[in-house]
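Got a few minutes and a structure viewer?

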Amino acid sequence: QVQLVESGGGLVQAGGSLRLSCAASGSIFSINAMGWSRQAPGKQRELVARIISGGSTNYADSVKGRFTISRDNAKNTVYLQMNSLKPEDTAVYYCNADITTIARMTAGYWGQGTQVTVSS
């Protein structure tokens, strides 16, 4: 069993910052990639940022220069530092990870989501 547990969401004023964390636990052999997606009301879920095991990253155009994704491989944890937040960043943010389990099964996993609300 694998679990992803997110933390760090909340309410912040426009221009403020938040840091999201997501810790993976369970029968993990390796984590190949980790990332964050978000879903605003009435909209499709979209990729925000992703980081692979070697450290390469990619970002949605809408967050480039404002968000930074990082990971601590020793803790199986991924972070999303969000600066200069805008009201349009308001969404439920989901952690995701491509994980190979001890049984050598590889699959994608999702966290339960954490709400980020940016007030104007």
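Two strands pair if DSSP finds at least two bridges between them. Keep in mind that this is a predicted model.

**Exercise 1.** Work out how many bridges join S1 to strand S3, and which way the two run.

*Solution.* Start with the ranges: S1 covers residues 2-7 and S3 covers residues 18-26. Six bridges join them, and the strands run antiparallel. Next, check the faces of S1. In a regular strand the side chains alternate between the two faces of the sheet. Here Val2, Leu4 and Glu6 make up the covered face of S1, while Gln3, Val5 and Ser7 make up the uncovered one.

**Exercise 2.** Decide whether Ser37 is buried or exposed, and find its polar partner.

*Solution.* Find Ser37 in strand S4, residues 28-39. Its relative accessible area is 5%, so Ser37 is buried. The side chain of Ser37 makes a polar contact with the side chain of Asn96, at 3.5 Å. Ser37 also touches other residues, including Tyr94 and Trp110.

**Exercise 3.** Search the whole structure for aromatic pairs and classify what you find.

*Solution.* The search turns up one pair. The rings belong to Tyr94 and Trp110, with centres 6.5 Å apart and planes at 80°, so the pair is edge-to-face. Tyr94 sits in strand S9 and Trp110 in strand S10, so the pair ties together parts 16 residues apart in sequence. Now the accessibility: Tyr94 is buried at 15%, whereas Trp110 is partly exposed at 44%.

Notes: Residues numbered from 1 in each chain as written. Predicted model: local features only at pLDDT ≥ 70, side-chain atom pairs only at ≥ 80, totals over all residues. Heavy atoms only, no water. Helix = DSSP H or I, 4+ residues; strand = E, 2+ residues; numbered from the N terminus. Buried < 20%, exposed > 50% of the residue type's maximum accessible area, 1.4 Å probe, protein only. Polar contact = N/O pair within 3.5 Å; in protein donor to acceptor, adjacent residues only side chain to side chain. Contact = heavy atoms within 4.5 Å. Phe/Tyr/Trp six-rings, centres within 6.5 Å; stacked < 30°, edge-to-face > 60°. Lists of a residue's contacts leave out its neighbours within four places in sequence.
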